[in-house]
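Hello,

Here is the structure we talked about handing over. Please open it first, then read the notes below it.

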Amino acid sequence: MGVLPELNEFLLCETPDAWIQAALENQDVLLIDHANCEKKAAATALNLMFRYVEHTDLQNKMSRLAREELRHFEQVFAIMQQRGVEYRYVSASRYATTLRDHVRKQEPLRLIDTLIVGAFIEARSCERFSKLAPYLDDELAKFYRSLLKSEARHFQDYLVLAMNVSEGSITSRVADFAEIECEAILRADTEFRFHSGVPVKTTEEIVDAQTVETV
């Protein structure tokens, strides 16, 4: 199963091959951060439900989304336990913060932007599951492919909610966040995470490599 056409149209860039290679080399961190992302996604949905109780459609969609994201967390956690991956603390990537830094403060613009950001996070997650699956072992590849349908629906739910809340078109605002999101995916990152950018060596690794080359 490949990436849905609407995702290709929504996202301005594909996940770089360098990130895929880093994911394959850091599968423990991949699983840990994936588990964290599922918990954060559930928490985001619940926070929206508490903050915007007057939006009936939002209540229905976010309630379902929160349950699904927690179920995904349980599935990732089970895989980690089966593989002996210790669930330890890993810092968050800059990705979500970068997007949310551009959310407007005044309502209903804040809600509209927050929903658009949610759509991009879900879309990118779906794209990365699809890109990674062909390179993973059978169990993990099957699991990641199983997530594609629900993650794609989450992306669509967020986008529809944003359109319903807005009194006008959200096209230009989506375009703004598309640029921000693409820049976040293509920028250099020294730490690998599920939503990190292009991996680069840390200063220490560069120094170590140069030392080995001169010996």
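Ring pairs join Trp19, Phe129, Phe143, Tyr144, Phe192 and Phe194 into a cluster.

Aromatic pairs number 10 in the structure. Two of them share Phe10.

Start with Phe10 and Phe120. This pair is stacked, with 4.1 Å centre to centre and 20° between the planes. Phe10 belongs to helix H1 (residues 5-10) and Phe120 to helix H6 (residues 109-132), so the pair ties together parts that lie 110 residues apart in sequence. Phe10 and Phe120 are both buried.

Now Phe10 and Phe155. Their ring centres are 4.8 Å apart and their planes stand at 50°, so this pair counts as tilted. Phe155 is in helix H7 (residues 138-165) and Phe10 in helix H1, so parts 145 residues apart in sequence are tied together here. Phe155 is buried, as is Phe10.

Glu69 sits in helix H4 (residues 56-82). Which side chain of opposite charge is nearest to Glu69? That is Arg153, 8.6 Å away. Glu69 is buried, yet has no salt bridge. What does Glu69 touch, not counting residues up to four places away in sequence? The list is Glu38, Ala41, Ala42, Glu122, Glu151 and His154.

Then a lysine. Lys39 lies in helix H3 (residues 27-51). Its relative accessibility is 36%, so Lys39 counts as partly exposed. Leaving aside neighbours within four places in sequence, Lys39 contacts Phe73 and Tyr87. Lys39 and Glu107 are 68 residues apart in sequence. In space they are 26 Å apart, C-alpha to C-alpha.

Last, confidence. The protein chain averages a pLDDT of 91. A score of at least 70 is reached by 91% of the residues. Where does pLDDT stay under 50? That happens over residues 202-215. For this stretch the model has 3 contacts beyond four places in sequence. Where pLDDT is low, the predicted coordinates should not be read in detail.

Best wishes

Definitions and conventions
Residues numbered from 1 in each chain as written. Predicted model: local features only at pLDDT ≥ 70, side-chain atom pairs only at ≥ 80, totals over all residues. Heavy atoms only, no water. Phe/Tyr/Trp six-rings, centres within 6.5 Å; stacked < 30°, edge-to-face > 60°. Helix = DSSP H or I, 4+ residues; strand = E, 2+ residues; numbered from the N terminus. Buried < 20%, exposed > 50% of the residue type's maximum accessible area, 1.4 Å probe, protein only. Lys, Arg positive; Asp, Glu negative; His and termini not counted. Salt bridge = Lys/Arg side-chain N within 4 Å of Asp/Glu carboxyl O. Contact = heavy atoms within 4.5 Å. pLDDT = per-residue confidence, 0-100.
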